[in-house]
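Welcome! Have the sequence and the 3D view ready and work through them in order.

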Amino acid sequence: MHFNKQLSGSTMMNATQLKHTAQVLADMLTFKQPADAVLSDYFRQHRKLGRQDRHEIAETAFAALRHYQKIAAVLRRPYAQPEKAALAALVLGRGTNLSQLAHLADEETMEFMSRLKARKTEWQSSLHTAAELPEWLVERLQAHWTDEQVLAFGRSVMQPAPLDTRVNTLKGRRDKVLAELQAEFPHAAATPYAPHGIRFRDKPALNKHPLFLDGTLEVQDEGSQLLAQLVQAKRGEIVVDFCAGAGGKTLAVGAQMANKGRIYAFDIAEKRLANLKPRMTRAGLTNIHPEKIGSEHDPRVTRLAGKADRVLVDAPCSGLGTLRRNPDLKYRQSPESIAQLVRQQRSILQAASALVAPGGRLVYATCSVLPEENERQVEEFLRGNPQFSLLNAGEILAAQKIALDTGKYLQLDSAAHQTDGFFAAVLQRAD
């Protein structure tokens, strides 16, 4: 569940909403739990909060995450001063004027807010506050990007993501579905790259919409949709989605195969696979077989050795490409957690490659922007597995009339492509 709706302009928060926002931030800004989970739990415990209250609390809490570097520069341990953090988020992230806060703050707090506004120039001169990225991450990115690129990345992921959906080709065609939707949502538009995508800038709630309920529309980021285009599954094939999660890509691949053949959707999390089952039913797909596995070395995996025509590995990763949706991730990851993920990715990629049939295709993907999780993983894998060779992702997309060429790898970034940050490499096993 994502609460980071489009940031509104100027807002007037009342004292009760501020108190609740401060309670949320006292927990959220410790970064021990995902921000979405903190917010969901809080709203579950406070069922009497109205829709407008929830909106104000969620918007302000996420504004605090998006502007955390600046808030932390002026507040020692922001989680211990959550009311000031909430007020700072209103000023920095939600366009609130100081005069609109006079009814919420005492004199000392108003002085603090004035000092906060006065530091604007100073923040622009420091890359981590200007880009709103922690210092360790700025250093990582500077190893392969210019300061301008780091700043562009940081600023692009501060913008909330639009709502992207995919038209299920078993149930409809994009042009017809889009025309129908535009009567209701004039700002709905075709995604620029993914051939079945429709984008909603104003992020309407679609979960009760007839086209969602009947399986014609699935919520899926355009970048994620493009991974399915790189898998290029065909009718009657055996396909493995190695880290299926809740199955967005599995469903896209199933539709690609016109419901013919078999897709094995593996994941270690029972809960994620449980979410896939109702989605399969709604989409009208019967060729997907979800299976919980203990690890990448589970016997249920190894019995498919050398049998799969296509294997997709959307590997567990830092998620640093999804900061538009999950701004807290940059504070919940660390150099140590990334080193651990890199080891895990290497092991999963190696295990998944054993399932690929001669002549088959292996797609390795992450929603990260770090080379150690992306191209370096692929280069190391190819050195140890000479039976695989790299195919050109740009050429594969061009053959499907998708005008997106980021070179031999698919490398999407929020600033350039308005998608989440995605990486993918397409590998082919020799016959």
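**Exercise 1.** For D267, list the contacts that leave aside neighbours within four places in sequence.

*Solution.* D267 touches F242, C243, A244, G245, R272, L273, E291, K292 and I293, where contact means heavy atoms within 4.5 Å. Before going on, note that this is a predicted model, in which local features need pLDDT of at least 70, side-chain atom pairs count only at pLDDT 80 or more, and totals for chains, interfaces and linings use all residues. Residues are numbered from 1 along each chain as its sequence is written, and side-chain values use heavy atoms, with hydrogens and water left out.

**Exercise 2.** Find the strand that holds D267, then decide: is D267 buried or exposed?

*Solution.* Start with the strand: D267 belongs to β6, residues 262-267. Strands here are DSSP runs (E, at least two residues), numbered from the N terminus. Next, take the relative accessibility of D267, which is 4%. D267 is therefore buried, as the term means under 20% relative accessible area, with exposed over 50% and partly exposed in between (1.4 Å probe, protein chains only).

**Exercise 3.** Which residues does the UniProt annotation "binding site" cover?

*Solution.* The unreviewed UniProt entry gives D267 and D314 under "binding site". The two are spread over 48 residues of sequence, yet they cluster in space, with a largest C-alpha distance of 10.8 Å. UniProt positions follow the numbering used here, feature names are shortened, and annotations may be inferred rather than shown by experiment.

**Exercise 4.** Describe the surroundings of D314.

*Solution.* First, D314 is in strand β8, residues 308-314. Second, D314 is buried because its relative accessibility is 14%. Third, beyond four places in sequence, D314 is in contact with C243, K249, A365 and T366.

**Exercise 5.** How is the ring of F112 placed relative to the charged end of K84?

*Solution.* The charged end of K84 sits over the F112 ring, 5.2 Å from its centre. The rule asks for NZ of Lys or CZ of Arg within 6 Å of the ring centre and within 35 degrees of the ring normal. R282 likewise lies over the face of F212, 4.3 Å from the ring centre.

Key:
Helix = DSSP H or I, 4+ residues; strand = E, 2+ residues; numbered from the N terminus.
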